[in-house]
Amino acid sequence: MSDFSHIEEQDYTRKFDPGLFKKLFLHMRRHWKKMGFVAAMMAVLAVTDVILPLMTRHAIDHYITPEGLSSPLWPFGLAYLGIILAQVGSVFLFILVAARVEHHVNYDMRMKGFRKLQELSFSYYDRTSVGYLMSRLTSDTNNLAEAFGWGLVDLVWAVIFLIAVTIAMLVINWQLALMVIAVVPVLAVITAWFQKHILKAQREVRKINSRITGAFNEGIMGVKTTKSLVREDANFEEFSHLTGDMRRAAVRAATLSAVFLPLVIAISSLASALVLGEGAARVLRGVISLGTLTAFVNYSVQFFNPIRDIAATFAEMQRIQAAAERVVSLLETEPDIQDSPAVVEKYGDNFHPRRENWEEIHGAVTFENVTFRYKDGTEVLSDFNLDVRPGETIAIVGPTGAGKSTIVNLLCRFYEPTAGRILIDGVDYRERSQLWLQSSLGYVLQEPHLFSGTVMDNLRYADPEASREQAMAAARLVNADAFIRKMDKGYDSEVGEGGSRLSTGEKQLISFARAILHNPRLFVLDEATSSVDTETEVLIQHAIEETLKGRTSFIIAHRLSTIRSADRILLLEGGRIAEEGRHEELLRRRGAYYELYTNQFREEAAGQLLGRRETAAEA
Amino acid sequence: MKKRNHRLLASLLRENLRYFLGAGILAILSVFLGFFTPAVLAEVLDNYLQGLPSRLPAFLAEAVEALGGRQFMRANLWLPGLALVMISVVSGACNFLKSRWTSIGAENSARRLRNDLYAHLQELPFAYHAKAATGDLVQRCTSDVDMVRRFMSMQLLSIVDAVMMVGIALALLIPISLKITIVSLVIMPALFLFAWQFFKLVVKAFRRADESDGRQTTVLQENLTGVRVVRAFGQAQREIEKYEEAAADTRDKYLKLAWLDAIYWSTGDMMGMAQSLLTLLFCLMEARAGRISVGDIVVFTSYIGMLIWPVRNLGRILSHGGRTMVSLERIDEILRQKRETDREDAAAPDLRGDIVFDRVNFAYEGGGEVLRDLSFTIPAGKTAAFLGATGSGKSSIALLMQRLYAPQSGRITIGGHNIAQVARRHLRARVGLVLQEPFLYSKTIYDNLRMAAPEAGQEMITRAARDAQALEFIEQSEKGWQTMVGERGVTLSGGQKQRAAIARTLLKDNDILIFDDSLSAVDTATDARIREALRRRSRDTTTIIISHRILTLAQADIIFVLEEGRISAQGSHEELISRPGLYQRIHHIQSGLEDEFLFQAHNGTREAAHE
């Protein structure tokens, strides 16, 4: 997976936002009980941590003084053992339950986010990169979950320990207690400062680190270019600068941490010194016992730990908040395309279709004064009209940016018209559910997308219930059977991540077979067979014609053979139909189609003979 | 194998010896100082408060005596306090320097590894890169280096710390009471062994959880990149189920890990605390018998408390240590590959001469023969074109010309110089190669172009971009020349990349220019304009064009048709279309198409092609 850390490394300058955390907290209602339990365990742990020095104090004061020599030791040992068991038990339970909180919260947020992503419209995907979305459901949810599981642990323990130890000290001897507490403000200020700056320094290190990863990636992927441009020395020099920066930043971060701990220990040793000097004097005066003195020295050393934990939690807060903002904003995004409540009522939503109410699609498609604009205002289609009879094959050609894909996207209801209507069988498709339309679509893309899994899984992607025989028949139809059988496990061979074990042409064939198996009423082919070699192309041409028979189909293609056999060819220019008609008619007209044909298709035909597959194989 | 890892580690340590050695000495010093604090406490408790005899070393005891002994100290109890502060200041200073020096040593080592790897990877033969997986290499250069770095910056000294602590504690405790010492350390070996062995399970479980997390990420990624397919087939619900399964598996694997974690930490705590309790109880018994004092109790319990964590940690480090060795091995696997080399007598001659392939045979490693006994001559300053089907070896010719690969037999000469004897950097600098899928670096478009000729001014760069038909799209993009491209920048189309790469190559001073199907993604009209500009630009540069496009090939001075690694035909466009063969077949296909519509079209384009 590529490195998306640069997305994380934003500067956080915003103020603490309690509303945000409240929202998140509400999302986690299911885990409140567990969180409460963790807090309770931490309280037990903190209290026992405070009791242990008191036990030592008790031992010193009661069992080795002349008057205590005869009292038996075993009750003390038993009590101590009890404390150990309480502590060990709470450690065991808090780790277990805090991990449950963490991973259940993570899972819940991921599922919520994933569900939301399945609802969001294509306009959202257009403006948001896959990498960005990925890190919402990976590193962001990880950070949040960890904060809710373990951040809570640290905070609760620290606060309760601090309170308990303060109470214990005040009760035993308030003057000595005040001496220890006097150091706290100094400790707190220093700790807060260091935590903040250490975190900042570490962030800098991570930033440079992700640049180093990028540089390695680039150095390796671009090695051919580097060699052929003789860039080795220049590249190395740049890289060496980067690693030099890394060294400096990393040493800086390490130095800050290296100063921090000894400094804080030295300061808390001031408290110990005060306690020792003053406490010893009081022992001499008989005001306090030896045991009390040792307990106080103990406390003065431990006092710093909770302060550090609290400071660390607050320092992390900004990062957590940034993650929280991004996750909440994903969860709160409303999809642009939604079925109306009435439609959902009758036809079901994207996840729970009510197929029993669905009307059968015959395949008449009408674009009625359709205008489409992107969010930024760019107009792609204006006042577009088109009437397609059921079963008609429409080929769409035209230069890049003419609006070919937009028509297909609108037809599939990946987008909705800005103005005008699109009718399927005479009904505005907004009066039906999205799933109603999309379940009847056969959609084959130029850049075919396969999922990890076997060839069979991919063929049956749209129809898991289809039999193996049906799937194989579809593969045979598009001439994919031969190469599939040659794979190590035939139809049960893994295709690799994103189909990486197959060439583009092979992926196209599989995705074509997948669409055929789906048996759709409406077919959309977007340059579907561009990477298939000539020989196969001729073979599947027949299959395509067979398959399209009786189905309404829209084809965006450069391939002559495909276009020639279309019932109607639309030549788009600037979002309008410039020419329309059958192949021969358009050629005879000697207009834009004729131009396009002579320029583009001829060379393509020659290229096919030389085996277009090469491109795919080498890629 | 193992020896080599150790040698690599040793060389890293040696290079930063003064840092590591210094840090090691300071570590020992600070461990030593750490034991002073309880000793001070014991002195106060026993000597000043209870009147027991002093246990300070002789010189310190004498100093105290000189000041006025116990009475003086009782009157000035702030002095031991001051001693505590002094100890923690000095040991803090030691710790600070220790951490700083180790991190300098570790970061220096990491930098050296990174630089070595980067330089080495660049210098490895292209054949190595062709079969290596990018992701794996990057992983070795990043995660594995980081593993080594962490080992050096944290774990190495923790080992020193732990061993020293145990050693010093033994030395200090045994004189007080051998019996208590034994009792106080009795659980320690078990604690160490437990930590060592059990943590291995934790690591294993962690790896399983991590792998599951990776699978979950893959499902997510495939869903997001395949969102159109998901929607078009209305499969959102099933995708959710698929993701749910993956995410739940990850969650459950982590929860399993949590069990191990919980057992590991709580059991470790239990053993550590049991040891403390045992020590305390035994000390109390001994004190009741009058054999030790309160101060001794403080010393024993404090020292044991100080030992528990490092001993536990040592077990953890050891179970991690194996991974560092694996990482070193993975790094070394790259570093021990042989670099590209030039012959000792490599020269840097003038390369403006005829290009001659003389009975060249070539096969990729583990593949069949690509070029068989291939011979041809391209006269200096002429334009040659290659046409051939998949696997006919066209691209191999380009790669051989730049010595990115070497032929198994036969000779390639340029101007009479065998390129095997030409310094490879000189050869590559003089032979411009534009690839079909060119690579742009994560820099501005301006820097990407300029990298081929660092001394070039804006004017030259603009001209090259104009000739490559790249100027328009560059200037039209939002940030113009300062547009970031590459992985983190805007995505250029295949054709834009090709044009940028052509401009980049044009900027350098080329004796020979090779276009390896590098116009495939631009439209025909642009293709023609680029070729026209090239003709005007470099009249005496020998040019080799590899293409599928008849239009592109047609104007070459000489056209070679490659079939199965051999030249099956050569000649001008006119000659080749009049002879039966692949070239003519392609031509016929075209004519066949043309018959179908209008005859004039045929003439029209031919005229266009010949103007």
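Two residues count as in contact if their C-beta atoms, placed from the backbone, lie within 7 Å.

## Model and numbering

This is a predicted model, in which local features need pLDDT of at least 70 and side-chain atom pairs count only at pLDDT 80 or more, while totals for chains, interfaces and linings use all residues. Residues are numbered from 1 along each chain as its sequence is written, and chains are lettered from A and ligands numbered from 1 in the order in which they are written.

## Chain A

Of the contacts in chain A between residues at least 6 apart in sequence, 80% join residues at least 24 apart. The secondary structure of chain A comes to 24 helices and 10 strands. Here helices (H or I, at least four residues) and strands (E, at least two) are DSSP runs, numbered from the N terminus.

Chain A has a radius of gyration of 35 Å, whereas a compact globule of 619 residues would have one near 25 Å. This radius is taken over C-alpha atoms, and the globule rule is 2.2 Å times the number of residues to the power 0.38. The C-alpha trace of chain A spans about 120 × 65 × 50 Å along its principal axes. Buried residues make up 47% of the 619 residues in chain A. A residue is buried if 20 or more other C-beta atoms lie within 10 Å of its own C-beta atom, exposed if 12 or fewer do, and partly exposed in between, with C-beta atoms placed from the backbone.

## Chain B

Chain B has 24 helices and 10 strands. Its radius of gyration is 38 Å, well over the 25 Å that the globule rule gives for 611 residues, so chain B is more spread out than a compact globule. In chain B, 44% of the 611 residues are buried. Contacts between residues at least 6 apart in sequence join residues at least 24 apart in 77% of cases in chain B.

## Where the chains meet

The contact between the chains takes 121 residues from chain A and 120 residues from chain B. Helix α10 (residues 232-285) of chain A gives the most to the side of chain A that touches chain B, with 30 residues. That side of chain A divides into 71 nonpolar, 36 polar and 14 charged residues. Ala, Val, Leu, Ile, Met, Phe, Trp, Tyr, Cys and Pro count as nonpolar, Asp, Glu, Lys and Arg as charged, and the others, Gly among them, as polar.

## Two helix pairs

In chain B, helix α3 (residues 36-49) and helix α13 (residues 294-335) pack at an angle of about 165°, with their axes 7 Å apart. That makes α3(B) roughly antiparallel to α13(B). Axes are lines fitted to C-alpha atoms, for helices over the stretch in contact, and angles run from 0 to 180 degrees between N-to-C directions. Angles under 35 degrees count as roughly parallel, over 145 as roughly antiparallel, 65 to 115 as roughly perpendicular and the rest as oblique. The contact of α3(B) with α13(B) has nine nonpolar, two polar and three charged residues.

In chain A, the axes of helix α6 (residues 130-172) and helix α12 (residues 304-332) come within 8 Å and cross at roughly 150°. The helices α6(A) and α12(A) are therefore roughly antiparallel to each other. Their contact has 14 nonpolar, four polar and seven charged residues.

I514(B) lies in strand β7 (residues 512-516) of chain B. I514(B) is buried, with 27 other C-beta atoms within 10 Å.
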